[in-house]
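Please find below a short note for a colleague who is meeting this structure for the first time. It is arranged as numbered points.

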Amino acid sequence: MKLATFEAPGHSEPLSGFIQDDRIVAFGGPDGVREVLASGRLPGPSGGAWPLGDVRLLAPIPEPSTIFAIGLNYADHIAEMGGQAPEHPVVFVKIRNSVAPPSGPIRCPEVVKRLDYEGELVIIIGKDGEIGGFCIANDVSARDLQRREPQWTRAKGADTFCPFGPWVTTADEISDPGNLRLRTWVNDELRQDANTSNLIFGCTELIEFIGQTCTLSPGMMILTGTPNGVGQAQDPPQFLQAGDRVRIAIDGLGEIEQTVE
């Protein structure tokens, strides 16, 4: 099952629904995806149905209560950034204003001169704090702010710095989240090509670790980290510029694409 939030013709408010063939069938308002993940079941559809080409996909969880993110979770990315493998997961939080639709745009603040991309697998928390589903995110990062500020709130949490989607693929459709190919392109140039089998801390480990100190509730997100190939590590570094397009694809989850403004 694939759960989406979207703008549809004839409706002034966002709707939620499930994707069936090439259509989205509406079943409620913007909290619908969260309700499905919490209940573990799909309510009966109501309202109309629209072809995917007639709707604009929004962030599938419109207002996640918490967006956890993991740093330094691929050994090859740690190496390219000149770091050391952590003993425990490195957890930080992206604020809700960073949420953006899977199609973006990414807006670069004037203060940021070194804008970077990070393609990531996302865990969506479901019923009883378990994995409810998965999607794709771009953990957009301001490398200049990240370098000079010990906390990453501004570097990782600016407006539009967390585009994700294109929908939530429920966990029953992904037999092994630890074996998914992840790829990122910038202007059709392949920059990242990795597999989630290379995660240092896997999905279950991350949920258990974060759950030691806080209650995980439906709709919370965990960005699991990025592999090597980020712009900072190119020779010479290749930071994002206005007009650049970033596309991220993960096996079984679809793809997202944003343009930098």
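1. The model is predicted: local features need pLDDT of at least 70, side-chain atom pairs count only at pLDDT 80 or more, and totals for chains, interfaces and linings use all residues. Residues are numbered from 1 along each chain as its sequence is written, and side-chain values use heavy atoms, with hydrogens and water left out.

2. An open sheet of 4 strands runs in the order β15-β14-β17-β18 with antiparallel pairing; strands are DSSP runs of E of at least two residues, numbered from the N terminus, and two of them pair if DSSP finds at least two bridges between them. Its edge strands, β15 (189-195) and β18, each pair on one side only. Strands β14 (residues 181-186) and β17 (residues 245-250) are joined by 5 bridges.

3. Glutamine 258 belongs to strand β18 (residues 254-259). Its relative accessibility is 0%, so glutamine 258 counts as buried (buried: under 20% relative accessible area; exposed: over 50%; partly exposed: in between; 1.4 Å probe, protein chains only).

4. The structure holds 15 salt bridges, each a side-chain nitrogen of Lys or Arg within 4 Å of a carboxyl oxygen of Asp or Glu. One of them joins aspartate 188 to arginine 245, with the closest N and O atoms 3.1 Å apart. This pair links distant parts of the chain, 57 residues apart: aspartate 188 lies in the loop between β14 and β15, and arginine 245 in strand β17. Aspartate 188 is exposed at 52%, whereas arginine 245 is partly exposed at 29%.
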